[in-house]
Amino acid sequence: MAPNNRYIQTVLTSSKPFKSEAAFKLIEEGLEKDGATYVKKVKGIFAFNVSKGPGGASETWVIDVKNGNGSVERGSKKKGDVTFSLTDDDLHDLMTGKLKAQQAFFSGKMKMKGNMGLAMKLQQIMPAAPPAKL
């Protein structure tokens, strides 16, 4: 019986990455290279509540472009100055340019809470031309 229990545990603990995870990695790389400049321009904290990920999972990412040289944290409890809520597929489409922010907001695919002016600055930290790996 022990081998079956081990197999079940392995299956339950293995997980696929979120589709949108690559975009957060690119943003993190950008902050590592030039975070101080972004912090001076943006001065805010963005939170993303992402639902319907692999296996129906939900996750939160926080992009802090207010403190230090900026950071990206997965699973953070930090409160954002603006919080976006959307599915993993919709966030992936938004980050790759397949879905426009205004279209996502007005169609109800993206919900937003907090500082609307700061939300407009999100584009400043997103990769200019998303690479094919997203």
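Visitor: Where does Asn-115 lie in this structure?

Guide: In this predicted model, Asn-115 sits in the loop that runs between strand S5 (111-114) and helix H5 (116-119).

Visitor: Is Asn-115 buried, partly exposed or exposed?

Guide: The class follows from the relative accessible area: under 20% is buried, over 50% is exposed, and partly exposed is in between. Asn-115 has 40% relative accessibility, so it counts as partly exposed.

Visitor: Which residues does Asn-115 touch, leaving out those up to four places away in sequence?

Guide: Asn-115 touches Asp-81 and Val-82. Asp-81 is 34 residues from Asn-115 along the chain, yet their C-alpha atoms are separated by 5.9 Å.

Visitor: What does the side chain of Asn-115 reach?

Guide: The side chain of Asn-115 reaches the backbone nitrogen of Leu-118, at 2.9 Å.

Visitor: Now the sheet. How do I read the order of its strands?

Guide: Start with the general idea. Strands of a sheet pair through backbone hydrogen bonds, either parallel or antiparallel. Here five strands form an open sheet, and reading across it gives S3-S2-S1-S4-S5, with mixed pairing.

Visitor: Which strands stand at the edges?

Guide: S3 and S5 do. Each has a single partner strand, so one side of each is left without a neighbour in the sheet. On average, neighbouring strands of this sheet are turned by 15 degrees against each other, with direction ignored.

Visitor: How many bridges join S1 to S2, and how do these strands run?

Guide: Seven bridges join S1 to S2, and the two run antiparallel. To follow one row across, take Ala-47: its bridge partner in S2 is Val-62. Val-62 in turn has Glu-73 as its bridge partner in S3.

Visitor: How many bridges join S2 to S3?

Guide: Four bridges join strand S2 (residues 59-65) to strand S3 (residues 71-74), and these strands run antiparallel. Ile-63 stands opposite Val-72 in S3. S2 and S3 form a hairpin with five residues between them. In the turn, Gly-68 has a positive phi of about 60 degrees.

Visitor: Which helices lie across the strands?

Guide: H2 lies across S1, S2 and S3, and runs at about 25 degrees to S2. Helix H3 (residues 88-95) lies across S1 and S4, and runs at about 110 degrees to S4.

Visitor: Is S2 mostly covered or mostly open?

Guide: Mostly covered: five of the seven residues in S2 are buried. As background, in a regular strand the side chains alternate between the two faces of the sheet.

Visitor: How do I read an aromatic pair?

Guide: A pair of aromatic rings is described by the distance of the centres and the angle of the planes. This structure holds five aromatic pairs. In one of them, the rings of Phe-48 and Phe-84 have their centres 5.1 Å apart and their planes at 25 degrees, so the pair is stacked; the cut-off for stacked is under 30 degrees.

Visitor: Which parts does the pair of Phe-48 and Phe-84 tie together?

Guide: Phe-48 lies in strand S1 (residues 44-51) and Phe-84 in strand S4 (residues 82-87), so the pair ties together parts that are 36 residues apart in sequence. Phe-48 and Phe-84 are both buried.

Visitor: Why is the pair of Phe-105 and Phe-106 called edge-to-face?

Guide: The planes of Phe-105 and Phe-106 stand at 75 degrees, with the ring centres 5.3 Å apart, so the pair is edge-to-face. The angle needed is over 60 degrees. Phe-105 has 29% relative accessibility and counts as partly exposed, while Phe-106, at 63%, counts as exposed.

Visitor: Which residues do ring pairs link into a cluster?

Guide: The cluster consists of Phe-18, Phe-24, Phe-48, Trp-61 and Phe-84, linked by ring pairs.

Visitor: One last residue. Where does Ser-20 lie, and is Ser-20 buried or exposed?

Guide: Ser-20 lies in the loop between helix H1 (2-13) and helix H2 (21-42). Its relative accessible area is 1%, so Ser-20 is buried. Leaving out residues up to four places away in sequence, Ser-20 touches Val-50, Trp-61, Asp-88, Leu-91 and His-92.

How values were computed: Residues numbered from 1 in each chain as written. Predicted model: local features only at pLDDT ≥ 70, side-chain atom pairs only at ≥ 80, totals over all residues. Heavy atoms only, no water. Buried < 20%, exposed > 50% of the residue type's maximum accessible area, 1.4 Å probe, protein only. Contact = heavy atoms within 4.5 Å. Pairing = 2+ DSSP bridges. Phe/Tyr/Trp six-rings, centres within 6.5 Å; stacked < 30°, edge-to-face > 60°. Polar contact = N/O pair within 3.5 Å; in protein donor to acceptor, adjacent residues only side chain to side chain. Axes fitted to C-alpha atoms, helices over the stretch in contact; angles between N-to-C directions.
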